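Welcome, and take a moment to look over the sequence and the structure.

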Amino acid sequence: MSSAVGLASTSKNMGFDENKVDDKEGTPVSETNVTGSDHVVPVVEPETEDEDDEDLEGKIQLGPKCTLKELSEKDKEDESLRRWKEQLLGSVDINSAEETLDPEVQILSLAIKSPGRPDIFLLVPEAGNPKGPWFTLKEGSRYSLKFTFQVSNNIVSGLRYRNTVWKSGIKVDNTREMIGTFCPQSEPYTHEMPDETTPSGIFARGSYSAKTQFLDDDNRCYLGMTYTFDIRKEWQSTKN
């Protein structure tokens, strides 16, 4: 969720960089080439060409997939490998683990944090996309995205966050962040992205559209949604 919940990363860049170069046009996104219209624009679908190039380059090959029980039984005579598996699997109850190759990741909660004000808790829709502007951010404000997620069934490899933001049909932010590899456990994981600052000025204010995804190394999508959000002069109540 880069400035949009890019829901989502690190998440290295949750928001906007006013000096960022637009991927499509190759020109800086600034007040000279971003419109200032305040009308709500339709959600724009991202270009798919070369979208996964960086993800494929950074993909870690962990060998053939196996269930947790199969993993625990492999190479028992190798002491160093045994210790590594104990560290990886932690307190996982192998005997009660599901006999499945596919992991399951559920995004449990999303919140926008900003110094000096209450967190904005975002309702994750069970199906479909959030209705209307999902949230409102104040221009020139510091904020970060915090989320919790649950991993079950098997190890999820290369969980990552992807978020793309448009304003009036122009792409203004494209964030990709590797979160990591996680084994199943009963307690949820918590991840918080680094602080970012929303843009400010008359051309920065208005309505934005965004697409956010949480994927793994196999490009399995655990949460994908499109939505709109606003940047205004002042904070406003969250709309769900």
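## Aromatic rings

Phe147, Phe149, Tyr161, Phe182, Tyr189 and Phe214 together make up one aromatic cluster. Rings of Phe, Tyr and Trp (its six-membered ring) are counted as a pair if their centres lie within 6.5 Å; planes under 30 degrees apart are stacked, over 60 edge-to-face, and the rest tilted.

Before going further, please note that this is a predicted model, in which local features need pLDDT of at least 70 and side-chain atom pairs count only at pLDDT 80 or more, while totals for chains, interfaces and linings use all residues. Residues are numbered from 1 along each chain as its sequence is written, and side-chain values use heavy atoms, with hydrogens and water left out.

How many aromatic pairs does the structure hold? There are eleven aromatic pairs. Two of them are set out here.

| Pair | Distance of centres | Angle of planes | Type |
|---|---|---|---|
| Phenylalanine 135 and phenylalanine 229 | 5.0 Å | 15 degrees | stacked |
| Phenylalanine 147 and phenylalanine 214 | 5.2 Å | 65 degrees | edge-to-face |

Phenylalanine 135 sits in strand E3 (residues 133-138) and phenylalanine 229 in strand E10, so their pair ties together parts 94 residues apart in sequence. Strands (E, at least two residues) and helices (H or I, at least four) are DSSP runs, numbered from the N terminus. Both phenylalanine 135 and phenylalanine 229 are buried. Here, buried means under 20% relative accessible area, exposed means over 50%, and partly exposed is in between (1.4 Å probe, protein chains only).

The pair of phenylalanine 147 in strand E4 (residues 142-152) and phenylalanine 214 in strand E9 also links distant parts of the chain, 67 residues apart. Phenylalanine 147 is buried at 1% relative accessibility, and phenylalanine 214 is buried with a relative accessible area of 0%.

Charged side chains meet rings as well. Arginine 117 lies over the face of tryptophan 235, 4.1 Å from the ring centre, and lysine 167 lies over the face of tyrosine 208, at 5.6 Å from the ring centre. For this, NZ of Lys or CZ of Arg must be within 6 Å of the ring centre and within 35 degrees of the ring normal.

## Turns with a positive phi

Strands E5 and E6 pair in the antiparallel sense over ten bridges; a pairing needs at least two bridges found by DSSP. Valine 165 stands opposite aspartate 173 in E6. E5 and E6 form a hairpin with two residues between them, and serine 168 in the turn has a positive phi of about 50 degrees. Serine 168 is partly exposed, at a relative accessible area of 26%.

Asparagine 219, in the loop between E9 and strand E10 (221-232), has a positive phi too, near 60 degrees. Asparagine 219 is partly exposed, with a relative accessible area of 34%. Most residues other than glycine have a negative phi.

## Cysteines

The count of disulfides is zero, where a disulfide is a pair of cysteine sulfur atoms within 2.5 Å. Cysteine 183 is buried, with a relative accessible area of 9%, whereas cysteine 221 is partly exposed at 39% relative accessibility.

## Confidence

The protein chain has a mean pLDDT of 74, and 57% of its residues reach 70 or more; pLDDT is the predictor's confidence in each residue, from 0 to 100. The pLDDT is below 50 over residues 6-54. Where pLDDT is low, the predicted coordinates should not be read in detail.

Notes
Contact means heavy atoms within 4.5 Å.
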